[in-house]
Amino acid sequence: MNIAYIPSPAHGVYHLFGLIPLRGYAFCIIIGVFVAVWLGNKRWLARGGRPGTVADIAVWAVPFGLVGGRLYHVITDYELYFSEGRDWVDAFKIWEGGLGIWGAIALGAVGAWIGCRRRGIPLPAWADALAPGIALAQACGRWGNWFNQELYGRETTVPWALHITSSTDGRVPGYYHPTFLYESLWCVGVALLVIWADRRFTLGHGRAFALYVATYCVGRFWIEYLRVDDAHHVLGMRLNNWTAIFVFIAAVVYFVLSAKKRPGREEVVEPDASDGSAGDAVKGDADDVESAEVKAEAEAEGDTDGKPEEEGESEAESVDKAEAGPTKKS
């Protein structure tokens, strides 16, 4: 028995007032979404975007991402829902756990693309702003696996071993590598790396997002080797390992080609983002032009002999003086 270990929660579901179920897995996902939108909004504003744009597009990206993540999980682990003795209705119970990040990012990107088109902004720029936030959202979401006592690694005696107490669904109580914790910490590191690299090298046109994808795949590859849950194998490796390899290559290729084709960062990420300053400047210019025109018209009306208005006024003054002269003598 390990003297030091990470305990598993006694329950993954808690009931408010004994009636409303509050699921730890769902809370972790929700917290992750809020963190991603909060940080993404700050980065979007720093790039010259408008407040609220990130959240507006997230309204499209998040539902698509949840559906994509669930589809990937159900397709790659179909035997959990469609084999003999299983209930296919469980495939829709997303709150019980089971989201594939590969499907979530892929279909979430489709939702983001729709939202970006509706707002008239480039998807790569929005993805760059969201990249570190997505990594932090994954870091939060992985703690949902801790609540569900799932996706742990091999048995171990390290002081930070995860103590699994549940015996349902084929689990064997014992002490295992906390792969949920490893991936959570890795994702935090990925977020910090992307933020640093983005500031240091002024990444743009989707390269910050590509860096996030590539570095996440590196961590997911070695963490996947520690897991002992059932998974499909291809040529001796888990399916997720192959997915990580292919996605890593795609991200690196995109990063290199994008850097050669479009170095630097987008100058304008949201064409109509001005928060009033640009509009005030334009309005000021229009006022200047209008005042100049009014002045020109006034000068034209006061110019009777082709002389400046000042000269016309001098002649009028001399006439007044001439008329006033005799009056003064009498």
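Predicted model: local features only at pLDDT ≥ 70, side-chain atom pairs only at ≥ 80, totals over all residues.
Across the whole structure, the search finds 13 salt bridges. One of them joins the side chains of Arg47 and Asp198, with an N to O distance of 2.9 Å; because Arg47 lies in the loop between helix H1 (24–46) and helix H2 (53–76), whereas Asp198 belongs to helix H7, the pair ties together parts that are 151 residues apart in sequence. Arg47 counts as buried at 10% relative accessibility, and Asp198 counts as buried at 5%.

Glu270 and Arg119 also meet through their side chains in a salt bridge, at 3.3 Å from N to O. This pair links distant parts of the chain, 151 residues apart, with Glu270 in the loop between helix H9 (239–261) and helix H10 (277–302) and Arg119 in helix H4 (residues 101–119). Glu270 is buried at 2% relative accessibility, while Arg119 is partly exposed, with a relative accessible area of 27%.

Arg220 and Glu224 form a salt bridge of 2.8 Å, N to O, and, because they are 4 residues apart in helix H8, about one helical turn separates them. Arg220 is buried with a relative accessible area of 5%, and Glu224 is buried with 0%. Both belong to a network of salt bridges that also links Arg142, Glu183, Arg227, Asp229 and Arg238.

His205, in the loop between helix H7 (179–201) and helix H8 (207–226), has a positive phi near 55° although it is not glycine, and its relative accessible area of 14% makes it buried. Leu235, in the loop between strand E6 (233–234) and strand E7 (237–238), likewise has a positive phi near 55°, but Leu235 counts as exposed at 77% relative accessibility.

Technical notes. Residues numbered from 1 in each chain as written. Heavy atoms only, no water. Helix = DSSP H or I, 4+ residues; strand = E, 2+ residues; numbered from the N terminus. Buried < 20%, exposed > 50% of the residue type's maximum accessible area, 1.4 Å probe, protein only. Salt bridge = Lys/Arg side-chain N within 4 Å of Asp/Glu carboxyl O.
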